[in-house]
Amino acid sequence: MPRSRIMLDVLKGEAHFPPPLWMMRQAGRYLPEYRETRRRAGSFLDLCYDPDLAVEVTLQPIERFGFDASILFSDILVVPHALGRDVRFEEGRGPLLTPISVAEIMALESDVFHVNLEPVYETVRRLRARLPDETTLIGFCGAPWTVATYMIAGHGTPDQAPARLFAYREPAAFQHLLKVLADHSAAYLIRQIGAGADVVQIFDSWSGVLDDATFDQFCVWPVAEIVRQVRAVHPQVPIIGFPKGAGARYRTYRQKTGVTGLGIDWTVPLAAAKDLQRSGAVQGNLDPLRLVAGGKALSDGVEAILNALGEGPLIFNLGHGITPETPIAHVEAMVKQVRSATR
């Protein structure tokens with residue numbers, strides 16, 4: 001692996017300054033070129049499953065900003081879609097699914113799982129061939145808990161109450177769903193690595209709504225199972241876990257899941273982030289709204305992170321995905337500030 005992929009060095013525990021930089025949702029609606037490609041694609045899922053167009057949008061932020069990492073353009077809900085569940089995206093409403101029943105959980109079909117996802121693997125192969133050698137390629141999946149919340153409710157909710165209630169009332173079925181999702185998500189990541197991904201990330205966007213016991217059962221255990229299965233096949237490939245909203249449980253999450261790098265959201269105090277950094281690389285954690293605001297709010301936020309975390313293994317990123325209203329000039333200013341930083 002080329003030494004020039006500095007993100008891989010950081011994930012091994014090395015400190016680089018300035019740190020490597022990329023953004024969650026860096027291929028997205030804030031870019032006019034993305035909006036044009038999305039228009040040509042028809043539906044969002046058509047865009048995810050068309051290797052020509054998925055490669056095009058994945059490369060757009062690399063060509064514009066020269067980020068140190070490129071993340072596959074796809075969606076966390078391709079896993080339930082590949083398992084035979086209906087998934088659709090409506091403008092202004094986000095993802096919509098038919099809520100899954102107990103009987104349907106027990107009958108989830110997987111015979112054509114990888115066949116359905118072959119366009120995604122083809123996208124990864126093409127990306128690795130076209131990306132600059134120094135650019136790290138990130139594959140990803142949604143964590144079982146977060147994916148399950150959408151499968152049960154049929155849509156996103158403020159606190160994922162439908163999934164939490166379902167888990168309390170139907171514990172055996174819910175645990176079975178998490179196991180199915182963990183096994184298939186691990187297989188999905190293994191195929192992405194085989195196609196050329198250098199790193200994989202597991203997104204758990206809804207871990208912050210769980211109490212202590214369910215955090216361990218629904219967030220930690222399934223991710224630990226994914227890590228175990230991926231490592232059995234690709235022991236050297238770094239795995240980043242991002243349990244958004246985990247708060248005081250970030251340390252427990254890292255210890256129990258065994259992830260290599262830890263994605264942290266913008267609410268994590270920088271002193272706590274520095275403490276977490278003692279156990280390995282951290283990734284984050286600029287408030288996305290500082291990027292929207294620009295000016296002093298942006299420069300102060302970037303400076304604070306670099307000052308607090310720049311001496312350790314840091315991957316500079318947002319504390320969640322970039323929002324559609326973000327001005328491109330603000331992204332350019334952030335990249336310039338990070339890249340020109342000196343100790």
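Colleague: Which helices and strands each supply at least two residues of the lining of the largest pocket?

Modeller: First, this is a predicted model: local features need pLDDT of at least 70, side-chain atom pairs count only at pLDDT 80 or more, and totals for chains, interfaces and linings use all residues. Residues are numbered from 1 along each chain as its sequence is written, and side-chain values use heavy atoms, with hydrogens and water left out. Helices (H or I, at least four residues) and strands (E, at least two) are DSSP runs, numbered from the N terminus. The elements that each supply at least two lining residues are α2 (32-41), β2 (87-90), β3 (94-97) and α8 (144-153).

Colleague: Which element gives the most to that lining?

Modeller: A pocket is an open set of points on a 1 Å grid over the protein atoms alone, where a 1.4 Å probe fits, with protein on both sides within 12 Å along at least five of seven lines; lining residues have an atom within 4 Å of a point. The largest pocket is lined by 41 residues. With 3 residues, the element giving the most is α2.

Colleague: Which residues lie nearest the centre of the largest pocket?

Modeller: The pocket has a volume of about 1300 Å³, the space filled by probe spheres set on the points. By class, its lining has 20 nonpolar, 12 polar and 9 charged residues. Nearest the centre lie Arg25, Arg29, Phe44, Asp75 and Phe89.

Colleague: Where does UniProt place the URO-D domain feature?

Modeller: The entry is unreviewed, and annotations may be inferred rather than shown by experiment. The span 20-29 is 0% helix and 0% strand, while 138-154 is 59% helix and 29% strand. UniProt places the feature at residues 20-29 and 138-154.

Colleague: What is the hand of the crossing of α7 and α10?

Modeller: Helix α7 (residues 113-130) and helix α10 (residues 171-195) pack at about 35 degrees, with axes 9 Å apart. Axes are lines fitted to C-alpha atoms over the stretch in contact, and angles run from 0 to 180 degrees between N-to-C directions. A crossing is right-handed if the near helix is turned clockwise from the far one by less than a right angle. This crossing is right-handed.

Colleague: Which residues of α13 and α15 make their contact?

Modeller: The axes of α13 (residues 270-277) and α15 (residues 295-309) come within 9 Å and cross at roughly 40 degrees. Contact means heavy atoms within 4.5 Å. The residues are Leu270, Ala273, Lys274 and Gln277 of α13, and Ala304, Ile305, Ala308 and Leu309 of α15.

Notes. Nonpolar A, V, L, I, M, F, W, Y, C, P; charged D, E, K, R; others polar.
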